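This report concerns the packing inside one protein chain. Please look at the structure shown here before reading the sections below.

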Amino acid sequence: MSVSVKSAKEIELMRTSCKILAEVHEELGKALRPGMSTLDVDILAERLIREHDCIPNFLHYNGFPGSVCVSINDEVVHGIPKKSRIIKEGDIVSLDCGCIYKGYHSDAARTYGVGEISPELEKLIEETKNSFYAGIKKAVAGNHLNDICTAIEDYITPFGYGIVRELTGHGIGTCLHEDPAIPNFAMNKKGIRLVPGMTLAIEPMINLGRGDVIFHDDGWTCTTEDGLPSAHYENTILITEDGEPEILTIL
């Protein structure tokens with residue numbers, strides 16, 4: 001396994017890429033409304049990314065046809081944007097996208113409630129986000145990768161939610177997906193030691209019911225096996241010298 005450690009110049013490029021992505025997510029979240037198609041969301045995402053002189057890194061990645069993954073309710077991740085897929089009042093919608101700025105990638109995901117959603121779904125979204133923050137408390141130089149993974153699982157388990165085990169976070173830099181893979185549950189090994197300059201995409205994917213998922217014949221869409229909703233929260237972070245990780249993809 002080769003985990004890249006970024007130079008000061010590379011970190012500045014990553015910061016710019018990630019700040020742009022944070023702005024894109026802010027605009028997408030404001031735009032979501034009942035009656036939109038998931039293709040409408042994708043068209044907006046691509047326009048926003050390109051207006052910042054960036055390239056949408058999801059577009060054509062391993063054949064993915066959109067600039068943003070738009071996943072509704074029981075769709076965990078990788079929902080393909082479609083004109084026929086209409087967002088409705090009460091849906092929860094996960095948006096996962098990234099951009100390339102001068103060769104450096106960013107990656108982040110958010111789950112939004114559309115209109116009025118149930119308290120149960122509000123809590124799922126909030127605790128998924130909180131599990132990310134529990135994880136990055138351990139994203140400190142000198143700790144091991146498994147410290148992050150274990151902290152996410154330890155936070156989520158008391159709520160009775162399911163953790164998706166087939167999909168993980170990842171390193172990120174000049175490639176969208178770099179080493180290491182970062183599970184949202186405890187591994188049976190310590191994993192790599194974290195050092196300053198590492199950039200990681202931490203992304204809990206948490207189901208209201210069981211953690212089991214189905215991968216569909218379109219080659220992308222992943223849904224919960226029991227049909228219950230799922231939430232997704234992701235940021236690109238930097239391991240720093242001073243012990244506090246820097247979240248790059250928030251404003």
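The sections below cover the basis of the model, its cores, and its helices.

## Basis of the values

This is a predicted model, in which local features need pLDDT of at least 70 and side-chain atom pairs count only at pLDDT 80 or more, while totals for chains, interfaces and linings use all residues. Residues are numbered from 1 along each chain as its sequence is written, and side-chain values use heavy atoms, with hydrogens and water left out.

## Nonpolar cores

A nonpolar core is taken here as a set of buried Ala, Val, Leu, Ile, Met, Phe, Trp, Tyr and Cys residues joined through side-chain atoms within 4.5 Å, where buried means under 20% relative accessible area with a 1.4 Å probe and protein chains only. The largest such core has 38 residues, and those with the most contacts inside it are Leu 28, Leu 32, Val 41, Val 68, Ile 87, Val 93 and Leu 95. At least two residues of this core come from each of helix 1 (8–31), helix 2 (38–51), strand 2 (68–72), strand 4 (92–97), strand 5 (99–101) and strand 7 (108–113); helix 1 supplies the largest share, eight residues. These elements are DSSP runs numbered from the N terminus, with helices being H or I of at least four residues and strands E of at least two.

Apart from this core lies another, of 18 residues, including Ile 136, Ile 148, Cys 149 and Ile 152.

## Helix 2 and Thr 38

Helix 2 has 14 residues and reaches 20 Å from its first C-alpha to its last, close to the 20 Å expected at 1.5 Å a residue, the expected span being 1.5 Å times one less than the number of residues. Its buried residues are Thr 38, Val 41, Asp 42, Leu 44, Ala 45, Leu 48 and Ile 49. They lie on the same side of helix 2, because they cover an arc of only 165° around the axis, judged by the directions from the helix axis to the C-beta atoms.

Thr 38 counts as buried because its relative accessibility is 1%. Leaving aside neighbours within four places in sequence, Thr 38 is in contact (heavy atoms within 4.5 Å) with Val 70, Ile 72, Ile 80, Pro 81, Lys 82, Arg 85 and Ile 87.

## Helices 3 and 4

The axes of helix 3 (residues 119–136) and helix 4 (residues 145–156) come within 8 Å and cross at roughly 145°; axes are lines fitted to C-alpha atoms over the stretch in contact, and angles run from 0 to 180 degrees between N-to-C directions. Glu 127, Asn 130, Ser 131, Ala 134 and Gly 135 in helix 3 meet Ile 148, Ala 151, Ile 152, Tyr 155 and Ile 156 in helix 4.

Methods. Buried means under 20% relative accessible area, exposed over 50%, partly exposed in between (1.4 Å probe, protein chains only).
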